[in-house]
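Here are my notes on this one, jotted down as numbered points. Have the model open while you go through them.

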Amino acid sequence: MPWSYLHDLTTGRLLSESDATVVPKVGQAVHVRTNRAAEAEMWDEATRTFVARPPKVLADRLDDLQTWPEFQRVWAVLNAARRTDLRTALIRLIGRHRFRNQAEPAEIDGGEK
Amino acid sequence: MRRLLSPASPRWTVAGMTTVIAGTVLTAGTANVKGSWAQLTSALPFSVDAILVRLGVGTAADRLVDLGVGPVGDEQVVVPDILFTPGTAGATDRHWTYWPIRLPSGSRLAARCQCVTGAATMEITCELRESLLGRHRQSGQQIEAWGAATADSGGTSVDPGATLHTKGAWSQLTASTGFPCRAIQLIPGVGSNRGRVYARWGVDVGIGPSGDEQLLAENVRILCTGSARDEISPFSGLGRLLPVPVPAGVRVAMRAQCSVTNSADRLFDVVGYGIR
């Protein structure tokens, strides 16, 4: 099913979408595509078309730990086998809190509002 | 002598609660397929005017939930595709939605769900009320869902765009409403994007053809608290229900502005519901 995307001719700003035929007003234009834009796509005002949305990159709290001096001092005295054990235990402990948004602090619930 | 008459207190009860104060478990079918119906009560004890639905205890995966009435094997959906998207920490018990719908006494009440993850479970309880909350004068007879995406157990994606605190493009929820509605309900969701930052949205609801949307509701506030509890919720549990009438046969759309601009976290999912 074709979808129509109404945008401003001057700025390229996306205004609206519809699965019905759209008649643009003066100063507007319509971009038609064969299917609805997926969430993985986003409107680009410069090219007046859809481009791939940048993938979201999360930070690993295990990497955050490696930057803390107190953890570094402990890590430095461990052999490879004990490091593996510690890493495995930490992954179990922090569970789904392991990955965080880049804008959030490393401390779990540290930036909660 | 003036006689004071006390009206009988409206009745209230909970359906689906177990003896250990847990909800009734719903199990999804295969990925994005509705599972079997689970009974919440074999017979409604009175004529119900409104239901307060609590959803909880589920993994961090998007779900759609149906409420239905009727005998086993002949359940009729009365509230379709309630969007339920727990955040990174899994489900809390804070997903409450209020449905002013009339159900006859003696009806069997059941629920089922689908999930983006096959066979995922969750819990549900329903508070059944013989009266309405707030200023709603009449309970509804029929509910339809707008914008439920059954292919991924989510809703319609709304993108506020890259300009901070500026309304983005209208996203179509439905090309044509099925009947005239006296109220609408909005349920936002995370859209399978977890690990979110704190964000606020102001959401507009409009009707009409693309390019000529007329505002029905403006700046309905929704919020993501970020951190581990990064589900998206409206400002208050009852704030999702908007007493705005919508005619039959019209296109319904939504747009939003957001307090963040990063291309992943500004997005949210939404399902709208028309209540007749």
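1. Ground rules. This is a predicted model, so to speak of local features pLDDT must be at least 70, side-chain atom pairs count only at pLDDT 80 or more, and totals for chains, interfaces and linings use all residues. Residues are numbered from 1 along each chain as its sequence is written, chains are lettered from A and ligands numbered from 1 in the order in which they are written, and side-chain values use heavy atoms, with hydrogens and water left out.

2. The interface overall. On the chain B side, 37 residues are in contact with 26 residues of chain A (contact means heavy atoms within 4.5 Å). About 2400 Å² is buried between the two chains, and carbon and sulfur atoms give 43% of that; buried area here is the accessible area (1.4 Å probe) that two parts lose on being put together, summed over both.

3. The rule finds 3 salt bridges between chain B and chain A, a salt bridge being a side-chain nitrogen of Lys or Arg within 4 Å of a carboxyl oxygen of Asp or Glu. A:Lys25 and B:Asp212 form a salt bridge, with their closest N and O atoms 2.8 Å apart.

4. Who supplies the chain B face? Strands β11 (156-158) and β12 (171-174) of chain B each give at least two residues to the side that touches chain A. Strands (E, at least two residues) and helices (H or I, at least four) are DSSP runs, numbered from the N terminus. By class, that side of chain B has 9 nonpolar, 17 polar and 11 charged residues; Ala, Val, Leu, Ile, Met, Phe, Trp, Tyr, Cys and Pro count as nonpolar, Asp, Glu, Lys and Arg as charged, and the others, Gly among them, as polar.

5. B:Thr156. This residue is found in strand β11 of chain B. B:Thr156 is buried at 6% relative accessible area (buried is under 20%, exposed over 50%, partly exposed in between; 1.4 Å probe, protein chains only). Its side chain reaches the backbone oxygen of B:Gly147 at 2.9 Å. Leaving aside neighbours within four places in sequence, the contacts of B:Thr156 include A:Arg36, B:Ser171 and B:Phe268.

6. Helix α3 of chain A. At its start, a side-chain oxygen of A:Asn79 comes to within 3.1 Å of the backbone nitrogen of A:Ala81. After the helix comes A:Gly95, with a positive phi near 50°.

7. Salt bridges within the chains. A:Arg100 and A:Asp64 meet at 2.7 Å, N to O. A:Arg100 lies in strand β7 (residues 99-101) and A:Asp64 in helix α1 (residues 61-65) of chain A, so the pair ties together parts 36 residues apart in sequence. In chain B, the side chains of B:Arg266 and B:Asp159 meet at 2.6 Å, N to O. B:Arg266 is in the loop between β18 (252-258) and β19 (268-275), and B:Asp159 in the loop between β11 and β12, so this pair ties together parts 107 residues apart in sequence. B:Arg266 is buried at 5%.

How values were computed
Polar contact = N/O pair within 3.5 Å; in protein donor to acceptor, adjacent residues only side chain to side chain.
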